[in-house]
Amino acid sequence: MSASVPPAPWPHTAVEEPRVPRGTPVYTAWGWVSAWTTVAGVAVSAVSLWLMTGPMLSYVRRVAEVSSMAASGTRVQPGVVSAIIFDLMPGIVAASMLGTLLGWALYALVIVAGYRDYVQLGRLGYPKRFHWAWSFLSPVYPIGRAVVVRRQAGTGSATMWIALAATAASFLLTIGWSFWLMFAMFDAMRAGLGTIA
């Protein structure tokens with residue numbers, strides 16, 4: 001008795017990707033806006049971090065100075081640390097608010113750009129499009145858009161590379177600033193505590 005392999009329930013056929021006619025534009029103005037807003041987001045983050053750094057380091061240095069005074073036996077008034085916080089808080093809050101407002105404006109622009117790009121790609125004749133709702137996850141839309149457009153036109157991946165580069169730059173900026181800030185805070189504390197040593 002020989003065992004036979006039953007046939008597959010349906011034949012495996014390769015599904016051919018739909019193509020657009022040669023010469024169909026692969027980029028729209030809104031597609032570029034969507035990609036470059038990821039770069040603008042990195043710039044906004046960098047400016048916001050830069051603006052917050054000065055007040056944060058001043059706070060650490062001044063609190064260390066107060067600690068140094070207390071450690072040397074000088075009586076410190078109870079409201080000194082609160083006064084330092086209230087003195088430096090406007091700078092930190094202003095930098096944070098600026099970054100937040102610009103970030104929300106860019107986020108809204110990314111969503112509008114993704115939707116407009118999605119509509120324009122449809123008008124250009126692309127039968128498959130990466131859905132614009134992926135714009136809510138900022139760098140995802142330009143990346144997915146490039147993949148889907150490239151499959152149908154054979155080219156058009158610049159938006160993906162811009163978004164990937166901006167995402168990598170954002171990651172490196174955050175990690176680099178965090179390490180730099182940690183060492184800068186140690187230096188500020190050392191400067192503030194200098195009278196103890």
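The model is a predicted one, in which local features need pLDDT of at least 70 and side-chain atom pairs count only at pLDDT 80 or more, whereas totals for chains, interfaces and linings use all residues. Residues are numbered from 1 along each chain as its sequence is written, and side-chain values use heavy atoms, with hydrogens and water left out.

The secondary structure comes to four helices and zero strands, where helices (H or I, at least four residues) and strands (E, at least two) are DSSP runs numbered from the N terminus. The order of the elements from the N terminus on is α-α-α-α. With contact taken as heavy atoms within 4.5 Å, 74% of the contacts between residues at least 6 apart in sequence join residues at least 24 apart.

Several residues illustrate such pairings along the chain. Ala188, in helix α4, is buried, with a relative accessible area of 7%, and its C-alpha atom is separated by 4.8 Å from that of Arg61, 127 residues apart along the chain. When residues up to four places away in sequence are not counted, Ala188 touches Leu57, Val60, Arg61 and Ala64. Thr174, which also has its place in helix α4, counts as partly exposed at 41% relative accessibility; its C-alpha atom and that of Ser45, 129 residues apart along the chain, are separated by 8.7 Å. In the segment before α1 lies Tyr27, a partly exposed residue with a relative accessible area of 27%. Tyr27 and Ser157 are 130 residues apart in sequence and, C-alpha to C-alpha, 9.3 Å apart in space, and the residues touched by Tyr27, not counting those up to four places away in sequence, are Trp32, Arg145, Gly156, Ser157, Ala158 and Thr159.

Helix α3 covers residues 140-153, and because its 14 residues should span 20 Å at 1.5 Å a residue, the 20 Å between its end C-alpha atoms agrees with expectation; the expected span is 1.5 Å times one less than the number of residues. Within α3, the buried residues are Tyr141, Pro142, Gly144, Arg145, Ala146, Val148, Val149 and Gln152. The helix is followed by Gly154, whose phi is positive, near 90°. Ser34 itself is in helix α1 and counts as buried at 1% relative accessibility.

Pockets were identified on a 1 Å grid over the protein atoms alone, a pocket being an open set of points with protein on both sides within 12 Å along at least five of seven lines, and lining residues having an atom within 4 Å of a point; a 1.4 Å probe fits at the points of a cavity but cannot get out. The largest pocket holds about 250 Å³ of space. Of its 15 lining residues, Thr37, Thr38, Gly41, Val42 and Ser138 are the closest to its centre. The elements giving two or more residues to this lining are α1 (29-71), α2 (80-123) and α4 (158-192), and α1 provides the largest share, six residues. By class, the lining has seven nonpolar, eight polar and no charged residues, where Ala, Val, Leu, Ile, Met, Phe, Trp, Tyr, Cys and Pro count as nonpolar, Asp, Glu, Lys and Arg as charged, and the others, Gly among them, as polar.

Seven aromatic pairs are found in a search of the whole structure, rings of Phe, Tyr and Trp (its six-membered ring) being paired if their centres lie within 6.5 Å, with planes under 30 degrees apart counted as stacked, over 60 as edge-to-face and the rest as tilted. The rings of Tyr107 and Phe136 have their centres 6.5 Å apart and their planes at 70°, so this pair is edge-to-face. Distant parts of the chain are linked by the pair, Tyr107 lying in helix α2 and Phe136 in the loop between α2 and α3, 29 residues apart. Tyr107 is partly exposed, with a relative accessible area of 27%, and Phe136 is likewise partly exposed, at 41%. The rings of Phe130 and Trp134, with centres 5.7 Å apart and planes at 20°, form a stacked pair, and Trp134 counts as partly exposed at 41% relative accessibility. One aromatic cluster is formed by Trp104, Tyr107, Tyr115, Trp132 and Phe136.

Note on methods. Buried means under 20% relative accessible area, exposed over 50%, partly exposed in between (1.4 Å probe, protein chains only). Grid points are joined across faces, edges and corners, and a volume is the space filled by probe spheres set on the points.
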